[in-house]
Amino acid sequence: MIELAHTITSGRTPVGSPVFFRVAENVTVGDQVVIRKGTVVEGRMQAVGDRGMAATSGTINFGVRHVPAVDGQNVRVLASVSNKGRSRDGAMLGWVFMWGWFGLATRGVDAFALRGAQLEAEVLTDRTIAASPPNPPEPVAMSIRSVEATGVRVGRRKVDEILVSLERATALLPLVLEVPAAGPVTAATLISTNGVDTVEEVAATAVADGRVEFNLWDIVKYCDDGDNTLTLRLTGAGGEPIDATASLRVRLKRKQ
């Protein structure tokens, strides 16, 4: 079983984009672990169908072909999902009835899959895998200065909650986090959300004294619906690392 590491949608995840998963539980043979829980697995968005006119909903097809074993081998698997956005046929017929053929301009909705969605993976080939090595030693903790974000903005507007539609990929303004206690910074990256590390680099698009700016979807796709705690790694003007935390309330809008 593997779990989707970030939210994807047919409107925001282009075909060919990497789609990341984590192994949900240890895979064992006898008492030996051959694929470790938490292993990052990279898949691919294989096909995307845009939502269109006449209430045609978007579609997504994504999956993985290999999962890393504990000895570094890539184990070939079959794991894929096809998903279609919520049907809006009823809405379309209602518009046609009320407004004639202009009702055919009603658009369908984007397909999406939420972070944490699980996918079964079937092993396709026999492999000999070396017994699981002992867990590596924990890294030595570094002394890193920590600060907290004091405000959240979308564009220039300060917000308490960020609303993003999963079914309609409208334009999004940048996410701006105010971190005045950090002082001058030269770079910033998201390193975890709610204590779970990101699986790819999510870098700020702009930095300034006391402020870091991100592409909003790059952050939101790693968030859960509701309250989230972000951990950022900032680079100070002298090259020193600084950890920053930010609270972010996100509402992922979709029809239930």
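**Entry 1: L234**

I started at L234 and skipped its neighbours within four places in sequence; L234 is then in contact with V179, A182, V185, A187, A188, V212, E240, P241, I242 and A244. Contact here means heavy atoms within 4.5 Å.

Before going on, I noted that this is a predicted model, where local features need pLDDT of at least 70 and side-chain atom pairs count only at pLDDT 80 or more, while totals for chains, interfaces and linings use all residues. Residues are numbered from 1 along each chain as its sequence is written, and side-chain values use heavy atoms, with hydrogens and water left out.

**Entry 2: cores**

I looked up where L234 belongs, and L234 is listed with I162, L177, V212, I219 and L248 as having the most contacts inside the largest nonpolar core, which has 36 residues. Strand β22 (residues 241-253) gives the most to this core, namely six residues. Another core lies apart from it, with 20 residues, including V23, I35, M45 and F62.

My terms: a nonpolar core is a set of buried Ala, Val, Leu, Ile, Met, Phe, Trp, Tyr and Cys residues joined through side-chain atoms within 4.5 Å. Buried is under 20% relative accessible area, exposed is over 50%, and partly exposed is in between (1.4 Å probe, protein chains only). Helices (H or I, at least four residues) and strands (E, at least two) are DSSP runs, numbered from the N terminus.

Is Y222 buried or exposed? Y222 is buried, at a relative accessible area of 1%, and it lies in the loop between α2 (216-220) and β21 (226-236). Beyond four places in sequence, I find Y222 in contact with A5, H6, R115, L190, T193, T198, V199, E200 and V202. R115 is 107 residues away from Y222 along the chain, yet their C-alpha atoms are separated by 7.1 Å.

I also found a polar contact of 3.0 Å between the side chains of Y222 and E200. That term is a pair of N or O atoms within 3.5 Å; within protein, one must be able to donate a hydrogen and the other to accept it, and residues adjacent in sequence count only if both atoms are side-chain atoms.

I followed T193 next, which sits in strand β17 (residues 185-193). T193 is buried too, with a relative accessible area of 1%. Not counting residues up to four places away, T193 touches R115, Y222, C223, N228, T229 and L230.

**Entry 3: strands**

I checked an open sheet of five strands, ordered β14-β13-β16-β20-β19 with antiparallel pairing. β14 (157-158) and β19 (206-208) are its edge strands, each pairing on one side only. Strands pair if DSSP finds at least two bridges between them; β13 (residues 151-154) and β14 run antiparallel and have two. R153 stands opposite K158 in β14.

Elsewhere, β4 (residues 27-29) and β5 (residues 32-35) pair in the antiparallel sense over three bridges. They form a hairpin with two residues between them, and G30 in the turn has a positive phi of about 65°. T28 stands opposite V33 in β5.

**Entry 4: rings and totals**

R12 lies over the face of W217, at 5.4 Å from the ring centre. The cut-offs are NZ of Lys or CZ of Arg within 6 Å of the ring centre and within 35 degrees of the ring normal.

For the protein chain as a whole, I noted two helices and 22 strands. Of its 256 residues, 40% count as buried.
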